[in-house]
Amino acid sequence: MLVVGFGSGPLQANCYLLAQVAGGPCVVVDPGEEVASPLAAALAEHRLVPAALLATHGHPDHVASAASLSAEHGVPVHLHPADAALFDGDSVPLEPGTYAGLDVDVRHVPGHTPGSVVLALRTAEGGRLALTGDTLFAGSVGRGDVAEAVRGLLAEFPDDTVVLPGHGPATTIGRERAGNPFLAGTGA
């Protein structure tokens, strides 16, 4: 699996491109503020064509460019219905399914927003990915009532699951279970 990520906008929200291989369709996750230039560069470099836009939640730093990218590429924006009111554009419900040839499981984890989700994927190589939006970060957690969501992630995902958060560097479930100071008392 090809995974390309970059921070964008004033809050440096992470935008991710996921594809089976270079030179084909891809999923764009969290196309937030000021992504046009770095996204175009990444698409060109890896010869990718967006097949779907997925959002982990509806805050502008994660979806500000979604409507314009949807129009430009002729692909829908997939967003949990509970966050549709936060998005200034058209969206379709984000549901588990196959996007750009990738099987994506959608875990509803309300707390940061009513429609926050975690996107879970397995790579062809056997690895696990969890795109956690603003629920779980490397060494931190998101604002809001995220404790229940984080407990669920820790219980559900094995230690070797790679966490691709909405801000900051990648981590693993095991690393967060062992050392995230915000998880004390969550049963980690």
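**Exercise 1.** In which sense do β1 and β2 pair, and over how many bridges?

Solution. The model is predicted. Take strand β1, residues 2-8, and strand β2, residues 13-19. They pair in the antiparallel sense, over 7 bridges. Next, look at the connection. The two strands form a hairpin with 4 residues between them. In the turn, G9 has a positive phi of about 75°. Finally, sort the faces of β1. L2, V4, F6 and S8 make up the covered face. V3, G5 and G7 make up the uncovered one. In a regular strand, side chains alternate between the two faces of the sheet.

**Exercise 2.** Which residues of helix α3 are buried, and what do they pack against?

Solution. Helix α3 spans residues 66-73, and its buried residues are A66, L69 and S70. They cover an arc of only 105° around the axis, so they lie on the same side of α3. The face turned away from that side carries the exposed residues A71 and E72. Now find the partners. The buried residues of α3 pack against α1 (36-46), β4 (49-54), α2 (60-63) and β5 (77-79). After α3 comes G74, with a positive phi near 65°.

**Exercise 3.** Is T172 buried or exposed?

Solution. Locate T172 in strand β14, residues 171-172. Its relative accessible area is 18%. Buried means under 20%, so T172 is buried. Then list its contacts. Leaving out residues up to four places away in sequence, T172 touches D159, T161, V162 and V163.

Methods. Residues numbered from 1 in each chain as written. Predicted model: local features only at pLDDT ≥ 70, side-chain atom pairs only at ≥ 80, totals over all residues. Heavy atoms only, no water. Buried < 20%, exposed > 50% of the residue type's maximum accessible area, 1.4 Å probe, protein only. Arc of directions from axis to C-beta. Contact = heavy atoms within 4.5 Å. Pairing = 2+ DSSP bridges.
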